[in-house]
Amino acid sequence: MKKNVLLELPLKPLLAGILGAACGLTAISASAGIVGSRHDLRSFLGLGANAELCVVCHTPHDADTTTTAAPLWNHALTAATFTMYSANGSTTLDGTEDPQPTGASKLCLSCHDGTVGLDNFGGGPNTFGPLDPTNPFYVGTDLQGQHPISITYEDTQDPGLHDPTNPVTIGGYTPPGGTPFPSRTGTIASMLIPDGKVQCNSCHDVHNTFVATSAAMLRIDMANSTLCLTCHNK
C-alpha cells in the first residue's frame with residue numbers, strides 16, 4: 001500500500017466499525033469484554049438476558065469445521081461476491097489483494113455485508129434478517145470506498161509502511177468512571193497483522209478486550225490519526 005492510502009480513504013471509520021456493532025447500540029461497555037458491548041446481541045436479537053453470549057459466532061458442538069479463521073465457528077458465512085478496493089484499477093496498492101475477502105474479514109462481513117441474517121447461526125432460526133442499508137454498521141458488498149482488506153502488508157515494497165517489527169501497544173481505554181481496559185504491547189506483526197495481511201481485525205477487536213477508544217472497538221485510537229500512523233509512515 002502506498003503511504004497515504006489510509007489517510008486518503010473515507011474510513012467510516014475503517015469499514016464502519018466492521019468489527020464494531022451489528023446492532024444499533026450506541027455505547028461501549030464500561031468494562032472490557034464482550035458482555036454489554038456492541039457485539040452482545042442477546043437483547044437485540046431477542047434471545048433473552050440469560051441466553052448464551054458466544055453462540056452467535058461460536059459453538060462447543062457441531063461447529064463449521066471448514067472455517068479456520070476463528071475457532072468453532074457457528075454463524076452462516078456470506079456467499080456474496082464483493083467488489084474489492086482494487087476493482088476500479090486503483091494504483092495506490094503495493095500489497096497483493098485477495099480476489100475476495102479472506103480470513104477474519106470474511107467472518108465479519110457475514111454479518112456486516114447485509115446479505116446474511118444476524119441470527120442465522122446454529123442452523124436457525126434465521127428470522128431476524130440481515131442488516132438494513134440504513135443501519136450505521138451496514139457495509140454492503142462494494143468495498144471500493146473502504147480501507148483495503150485481505151491484502152498483504154508489503155513494507156519491503158512500500159517505504160510508506162513501517163517495519164512490521166516496530167513496537168505497538170493496543171487497548172488501554174479508560175471509560176468515564178470505569179475500570180481501565182487492559183493493554184498489550186507487541187509488534188505491528190504480532191498485534192495487527194498476525195497472518196501477514198491487513199484484515200478487519202487489524203484495527204478492530206471483536207471481543208472488546210484490547211480497545212483504545214469507545215468508538216468502533218478500535219485497537220488504537222484514531223485521535224491525531226494515531227491508528228493510521230501506526231502502520232503508515234507519514
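F44 is partly exposed, at a relative accessible area of 30%, where partly exposed denotes values between the limits for buried (under 20%) and exposed (over 50%), with a 1.4 Å probe and protein chains only. F128 is likewise partly exposed, with a relative accessible area of 38%. The model is predicted; local features require pLDDT of at least 70 and side-chain atom pairs pLDDT 80 or more, whereas totals for chains, interfaces and linings use all residues. Residues are numbered from 1 along each chain as its sequence is written, and side-chain values use heavy atoms, with hydrogens and water left out.

The structure contains 2 aromatic pairs, defined as rings of Phe, Tyr and Trp (its six-membered ring) with centres within 6.5 Å; planes under 30 degrees apart are stacked, those over 60 are edge-to-face and the rest are tilted. F44 and F128 form a tilted pair, with 5.2 Å from centre to centre and 50 degrees between the planes. F44 is located in the loop between α2 (14–17) and α3 (103–112), and F128 in the loop between β2 (124–125) and β3 (151–152), so this pair ties together parts that are 84 residues apart in sequence. The rings of Y173 and F181 have centres 5.4 Å apart and planes at 80 degrees, so they form an edge-to-face pair. Y173 is buried, with a relative accessible area of 13%, and F181 is buried at 4%.

The chain comprises 6 helices and 6 strands, taken as DSSP runs numbered from the N terminus (helices: H or I, at least four residues; strands: E, at least two). The order of elements from the N terminus is α-α-α-β-β-β-β-β-α-β-α-α. Helix α3 is largely enclosed by the rest of the structure, because 8 of its 10 residues are buried. The buried residues of α3 are A104, S105, L107, C108, L109, S110, C111 and H112. Just after α3, G114 adopts a positive phi of about 80 degrees.

In soluble globular proteins, nonpolar side chains tend to be buried together. A nonpolar core is here a set of buried Ala, Val, Leu, Ile, Met, Phe, Trp, Tyr and Cys residues joined through side-chain atoms within 4.5 Å. The largest such core has 19 residues, of which Y153, I170, I188, L192 and I220 touch the most other members. Two or more residues are given to this core by each of β4 (167–171), α4 (188–191) and α6 (226–231). Another core lies apart from it and has 9 residues, including V55, L118, F121 and F137. With neighbours within four places in sequence set aside, I188 is in contact (heavy atoms within 4.5 Å) with Y153, H162, D163, P164, N166, V168, I193, T230 and C231.

There are 0 disulfides in the structure, a disulfide being a pair of cysteine sulfur atoms within 2.5 Å. The sulfur of C231 is 7.0 Å from the closest cysteine sulfur, that of C203, which is too far for a bond. For C228, the closest cysteine sulfur is also in C203, at 7.9 Å, again too far for a bond. Both cysteines are buried, C228 with a relative accessible area of 2% and C231 with 13%.

Over the chain, 49% of the 234 residues are buried. Of the contacts between residues at least 6 apart in sequence, 62% join residues at least 24 apart. The chain exposes about 10600 Å², of which carbon and sulfur atoms supply 54%, with accessible areas from the Shrake-Rupley method and a 1.4 Å probe; for residues, only the protein chains shown count as cover.
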